[in-house]
Amino acid sequence: MKKIYVVAVNTYREAIRNRILYTVLFFLLILLGISTILGSFTMGETRRFVIDFGFSGIELLGVAMAIIIGTGMIYNEIQRKTIFTVIPKPVKRWQFILGKFLGLSLTLFVQEVLMLVFVVIFIVIVKGKITSLLFVGAFFIFMEISLTIAISIFFSTFSSPILSGLFTTTLYLIGNSLEELKSLLTMKMASSPVLKFTILFFYNILPNFHNLNIKNEVVHNLTLPEGYVINSIFYAVAYILFLLTISTLIFEKKEFY
Amino acid sequence: MNAIEIKDLRKSYPTGHIIRKRITALRGISFSVKKGETFGLLGHNGAGKTTTFKILTGLIFPGGGEVKILDKSPDDLEAKNSIGFLPENPYFYTYLTPVELLQFYGGLFNIERKKLHDRIEYLLDLLSLTKWKDTRIGKFSKGMLQRVGMAQALINDPEILILDEPMTGLDPVGRKELKNIILSLKEKGKTIIFSSHILSDVEMICDRVAILIRGRIVETGSIEELLVKRSTGYEIELTANAKEWVKNKGLEYSPSGSSIIVTLKDFGEAQKLLKEAVNEQLEILSFIPRRVMLEDLFMEEYRKYEKDIRGGS
Ligand SMILES: Nc1ncnc2c1ncn2[C@@H]1O[C@H](COP(=O)(O)OP(=O)(O)O)[C@@H](O)[C@H]1O
Ligand SMILES: [Mg+2]
């Protein structure tokens, strides 16, 4: 347990020094500024604009950071040969992977909290209401970010950062369009059982980012179905653990030349 | 139980992106290191030293054969708890200071907080890093990195120390300091295995050496053994007034300042002459096996090996 913590803290220490993290905050500020201006043209809709822009910003920037840092994290340890003094220490490879995941997850959590503070400040500025759903929404984004980190780590155990980045981005985009994929089922051309099966197969197996996206509910202040939060947490945690397990299995076999 | 036990160890690396080939790095090497022993792995560049050490530390896996550290497999936690490893040209997290770095490595062992703190202070002092303890490692020179490398290898006060070319990149002062550290660890009963291509490094501190040439061990033994086996004779140094006595025995001598040196082919002859000299009450200044320098020995083995593979193919 302590060893995972030690790896995580070290990962956090490195990641938090990444300048892109702070550049991103600047972008979010601009985004929020624009949304306020746009929102002010529409009567009483400013809060919606700020949340819509703000949450989209938090999610996109967070996911981008997860991919950029996540795909390079383990690759860099190998490339820069820092792993040569870690593997010989009494730390299991799964502890290393889990520590790396938790460290980056923590970093991006801190970053997200900062971004959320900005959004909240802007909501207050436009005299909008602060609801608890806002924080639930932010937590859902955090789950998306964490899932993205796990996917990035998974791909990076067997491909270069650029390829891993491409794969992860693709999965993120597909994962957000899974409902569209499923809706193909109702169309006529999907009558072939093989195609049906294929669609259902991918629908169930690919990471369902769509279900983790509750921005619409947050923006329009809708109530979530009962048990939705718990189910989503369960889904995200299980999916992450699954990815990290596979990553570990691949990493266990890796040799460090 | 030996500290390290290697039997018929083989390893090859995959190379080439399109056409898959393999480079053989180790062609079945065997040796063991006893507890408390200082063992030198000698070899030219590309001989397979780093490969051997990477297998010992679990960074790569054996391609065949057997490797045991204290009777355990290299990836066993118990084995890892008892080793310290200094990689060849070590690299560290550039954003950390030596103290932070050592805290990180220490955290990977089960060392209690207070003890770790003391250990870090001790190691910084031992490796003359105290002045730099709060400087980011990114700013360090090669020699300083080597010191940091040594500190992290010693963080768990390991029973077995594995050092890959620890002397390279150090200036003469650094070498001397490192030699002293190794000698003091040896005194404390630690097992030390280190590699080098610089023979004088090995000669000074090793109990035993293995000579590794292109993935094969061509010779193992104590330095004395290796040298005596090849000694080209024995030199007896006598005072100059023994000239006549030596001449009367029909032996050759060569003058050397105020003394003379008699060279004899085998040990029996030398022994006989020594006894007689003692009986004659002649003053014996020195008696030494005429040594082949380790360099010569190494070159000799290398030439023999090259001839073998040319002859063989
Ligand atoms: N990652 C690698 N890929 C391919 N060949 C390698 C790799 N590492 C080492 N080798 C080859 O294996 C042999 C032994 O290398 P190494 O163990 O590094 O030797 P040494 O440490 O004695 O200089 C050399 O021929 C080297 O070219
Ligand atoms: Mg080497």
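Ala210(B) stands opposite Thr220(B) of strand E9(B) in this predicted model. Strand E8 (residues 208-213) and strand E9 (residues 216-222) of chain B run antiparallel and are joined by 6 bridges; strands count as paired if DSSP finds at least two bridges between them. The hairpin formed by E8(B) and E9(B) has 2 residues between the strands, and Arg214(B) takes a positive phi near 45 degrees there. Strands (E, at least two residues) and helices (H or I, at least four residues) are DSSP runs numbered from the N terminus.

The magnesium ion (ligand 2) is coordinated at 2.0 to 2.5 Å by OG1 of Thr50(B) and OE of Glu88(B). Thr50(B) belongs to helix H1 (residues 49-56) of chain B and Glu88(B) to the loop between strand E5 (83-86) and helix H3 (98-107) of that chain, so the pair ties together parts that are 38 residues apart in sequence. Donors are N, O and S atoms within 2.8 Å of the metal (3.2 Å for Na, K and Ca); water is not among the atoms, so sites may look incomplete. Thr50(B) is partly exposed at 22% relative accessibility, and Glu88(B) is also partly exposed, at 31%. Under 20% relative accessible area counts as buried, over 50% as exposed, and values in between as partly exposed (1.4 Å probe, protein chains only).

Ligand 1 is surrounded by 13 residues, of which Gly46(B), Gly48(B), Lys49(B), Thr50(B) and Thr51(B) are the closest; the criterion is a heavy atom within 4 Å. The site is shared between chains, because residues from both A and B surround ligand 1. Oxygen atoms of ligand 1 lie 2.6 Å from a backbone N or O atom of Gly46(B) and 2.8 Å from a backbone N or O atom of Lys49(B). A polar side-chain atom of Thr51(B) lies 2.5 Å from an oxygen atom of the ligand. Of the 560 Å² of accessible area that ligand 1 has on its own, the protein covers 71% (Shrake-Rupley method, 1.4 Å probe). Strand E1 (4-15), strand E2 (21-33) and H1 of chain B are the elements that give two or more residues to the shell. H1(B) gives the most, with 3 residues.

Residues are numbered from 1 along each chain as its sequence is written, while chains are lettered from A and ligands numbered from 1 in the order in which they are written. Local features need pLDDT of at least 70 and side-chain atom pairs 80 or more, whereas totals for chains, interfaces and linings use all residues; side-chain values use heavy atoms, with hydrogens and water left out.

Note on methods. Polar contact = N/O pair within 3.5 Å; in protein donor to acceptor, adjacent residues only side chain to side chain.
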